[in-house]
Amino acid sequence: MANELLFFMEVLVGGLLAGTMYSLVALGFVLIFKASATFNFSQGAMVFFSVLAFCGFMQDFNIPFVLAFILAAFLMVVVGLCTERLVLRPLMNASEDTVLMATIGLGYVLEGLAQAAWGVEVRRLDLGIGDFPVPWIADNLKLFISALDITAGLVAAIMIIGLFLLFKYTKIGLGLRAVADDAGAASSIGIPLKHIMLLVWSAAGVVALVAGMMWGARAGVQFALVDLALKALPVLIIGGFSSIPGAIIGGLIIGAVEKILEVYIGPFFGGAIEGWAPYVLAIFFLLYRPEGLFGEKIIRRV
Amino acid sequence: MKPIFMTYTKKDLINLAVCMVLSVLIIPTFIKTEYWYTSILIPWLCLALATIGQQIVMGYTGQLALGAAGFMAAGAFAMFNLILRVPDLGFVGSLIVSGLIAAAFGILFGLPSLKVRGIYLMVATLASQFFIIWMIDKFGWFKNYDSSGIITAQDIVILGKPFTTPLAMYFVCLAVTTILTLLAMNMARGSTGRNWMAVRDMDIAAESMGVSLLRTKVQAFAISAFYCGVAGALFAFCYLKSLEPVAFDIKLSFKILFMCILGGLGTINGAFIGAAFILLFPVLLNAIGNNVFHGAIDATIISSIEQVIFGLLMIIFMIYEPLGMAKLWENLKQSMRSKLSSSGIKGVKSPVLKK
């Protein structure tokens, strides 16, 4: 019995920590959605683009880790700038669905550019953190938990606290919230819309880079990252599109439920149900609480 | 113009006649190379059919769905099993039944559309994509316990006659596509289509006018999935000639989405234009790579460039012409017509207002 409980705990904790990886991707979506009510479908491509550039800088040009990180982050700021200038500004008054489709196009552009520049083969990314159980925890708590999972959890926690403080207590954060509430009104009282957008897209780019590094260290830097990032969508539905804590809780729920279902129910169906289980979970959430756990209620008028 | 047959005007009937003459008489007489049939015409017809399915749910009913390839897989594997297990049904019967099976999936996964829209619905329909592919992959029964992963599709036999040459398969695809396209046009012009468009333009207003949202949306999803299912079956039996779930992955869904949007949302001819463009553009790009640069550019780079161009086009169309290539074509015809009328007839001023 004790062993079974221990095994369950291991599955649960592993799932929760893996869930923080989804949270990291979802965080980028939330940032942009909060500031501009734009759903950025290209967030997954941004993850792939940024981490592939980071790998390329490090492995092809032998640039040291920190400098490569700064360069890749800078690249994401440039991507953010170009997106704001060339895609979002012309689509200022377009419908939500039109902007969404344009971001799908943006995702294609980023994926193509990344592969044209850095090649299509899978790259290994070694962050110096192994993807194996931490001995101390294994010895004392009898739980096998990967060091990479713990790091991802910590990184996610730090980023969330940082973003939360930014939104809550700084003038920029206040501006962001004002723009999110009513872009027209915000700009009429002198909040620089362009700067806010640039800031948000750059922040989302850096978040994408960090998320990509975590995923890349686990699964290799490859095109499949884009598909993995799609799993951030159910996370957002569960957590709510406009809530940073929601992205985290949603990620944790998806991570845990996915693992538990896979381990306990998966064998009856031949396994690999984690490919669709999060989406089906999201559908159930949609039927009962379409705005997500922490999202704002959607009100539509004729 | 006055309609002369049902709701069709003289112009529509002439268009239909021209298309039929072109595809039934002119193409088979002048195109003799197999490559054109097996690699361009057949996949074009199949994908255009699937794009019509996507058009019905996205262009006409305004529901953002992203799971066309999943329904195509359902149709393709249903076809395989029907021919294998119920041989009495025949090819045409199996095709219809596999479309209906796909439609059943469409209804199931279209139900969330009653509650949610936009990106939320997109996520719900992604569930169908992943679930259907997983189901086919995991349950050996669907693949007749074939362990190799790739199953060879059975030969097409209609009324005892085999249809195995590329030309014959082209005619099979052409016949099915023509019938379903005409049906789709009829639906789009009739009360069904008007309900779809009312729901697209403002669902709450449509509902208060007495349009049943439940009926309209579920109907659109079912018909859309039927089209995708039939297209998937043709795609597997006439083009791939094999069945593997990987062929119907999320990438194909995105491709069909692109065909639908670039071709022109809410138009049937847009489906054909979009499918032709997405299919032919890579061929053109490869030809340029081989003939102009003599293979100096790596094939993977060419496919990356192709992806970048598709993405850029998507953005450009969204900014400048959200109604896609069909609208561009319409504009071109319009400007030609006004030019002709202003230069052709002396003394009569062009109807176009000049500033």
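The following legends describe close-up views of a predicted two-chain model.

**Figure 1. Overall view of chain B in the predicted model.** Chain B contains 13 helices and 4 strands. Its radius of gyration is 21 Å, close to the 20 Å that the globule rule gives for 355 residues, so chain B is as compact as a globular protein of that length. The C-alpha trace of chain B spans about 75 × 60 × 45 Å along its principal axes. Buried residues account for 44% of the 355 residues in this chain. Of the contacts in chain B between residues at least 6 apart in sequence, 75% join residues at least 24 apart.

**Figure 2. Overall view of chain A.** Chain A has 13 helices and 0 strands. The radius of gyration of chain A is 20 Å, close to the 19 Å given by the globule rule for 302 residues, so this chain too is as compact as a globular protein of its length. Along the principal axes, the C-alpha atoms of chain A fill a box of roughly 65 × 50 × 35 Å. Of its 302 residues, 48% count as buried. Among contacts in chain A between residues at least 6 apart in sequence, 74% link residues at least 24 apart.

**Figure 3. The side of chain B that touches chain A.** In this view, 34 residues of chain B are in contact with 41 residues of chain A. The elements of chain B that give two or more residues to this side are α5 (119–138), α8 (203–208), α10 (250–263) and α12 (299–320). Helix α12(B) gives the most, with 13 residues. By class, the side of chain B that touches chain A comprises 27 nonpolar, 5 polar and 2 charged residues.

**Figure 4. Surroundings of B:Met314 and the largest nonpolar core.** The largest nonpolar core has 206 residues, of which B:Cys46 and B:Met314 touch the most other members. Residues up to four places away in sequence being left aside, B:Met314 touches A:Met101, A:Ala102, A:Ile104, A:Gly105 and A:Tyr108 in chain A. B:Phe258, B:Ile261 and B:Leu262 are among the buried residues of α10(B).

**Figure 5. Helix α10 of chain B.** Helix α10(B) has 14 residues and reaches 20 Å from its first C-alpha to its last, close to the 20 Å expected at 1.5 Å a residue. Of these 14 residues, 11 are buried, so α10(B) is largely enclosed by the rest of the structure. The buried residues include B:Leu252, B:Ser253, B:Lys255, B:Ile256 and B:Leu257. B:Met259, B:Cys260 and B:Gly263 are also buried. Following α10(B) is B:Gly264, whose phi is positive, near 130 degrees.

**Figure 6. Helix α1 of chain B.** Helix α1 of chain B covers residues 10–30, a run of 21 residues. From its first C-alpha to its last, α1(B) reaches 28 Å, close to the 30 Å expected at 1.5 Å a residue. A kink of about 35 degrees in α1(B) is centred on B:Leu22. The number of buried residues among the 21 in α1(B) is 0, so this helix lies largely in the open.

Figure 7. B:Ser224 is located in helix α9 (residues 213–240) of chain B. B:Ser224 counts as buried because it has 30 C-beta neighbours inside 10 Å, the cut-off being 20 or more. Residues up to four places away in sequence not being counted, B:Ser224 touches B:Gly53, B:Gln54, B:Ile56, B:Val57 and B:Gly106. B:Ala102 lies 122 residues from B:Ser224 in sequence, with a C-alpha to C-alpha separation of 9.2 Å in space.

Figure 8. A:Asn62 is found in the loop between α2 (43–60) and α3 (65–88) of chain A. Although A:Asn62 is not a glycine, it has a positive phi of about 55 degrees. This residue counts as exposed because it has 8 C-beta neighbours inside 10 Å, the cut-off being 12 or fewer. In chain B, B:Leu159 occupies the loop between β2 (157–158) and β3 (161–162). Phi of B:Leu159 is near 50 degrees, a positive value in a residue other than glycine. With 7 C-beta neighbours inside 10 Å, B:Leu159 likewise counts as exposed.

Definitions and conventions:
Residues numbered from 1 in each chain as written. Chains lettered and ligands numbered in written order. Predicted model: local features only at pLDDT ≥ 70, side-chain atom pairs only at ≥ 80, totals over all residues. Rg over C-alpha atoms; globule rule 2.2 N^0.38 Å. Contact = placed C-beta atoms within 7 Å. Nonpolar A, V, L, I, M, F, W, Y, C, P; charged D, E, K, R; others polar. Expected span 1.5 Å × (residues − 1). Bend = angle between axes of the 7 residues up to and from the residue. Core = buried A, V, L, I, M, F, W, Y, C linked by C-beta atoms within 7 Å.
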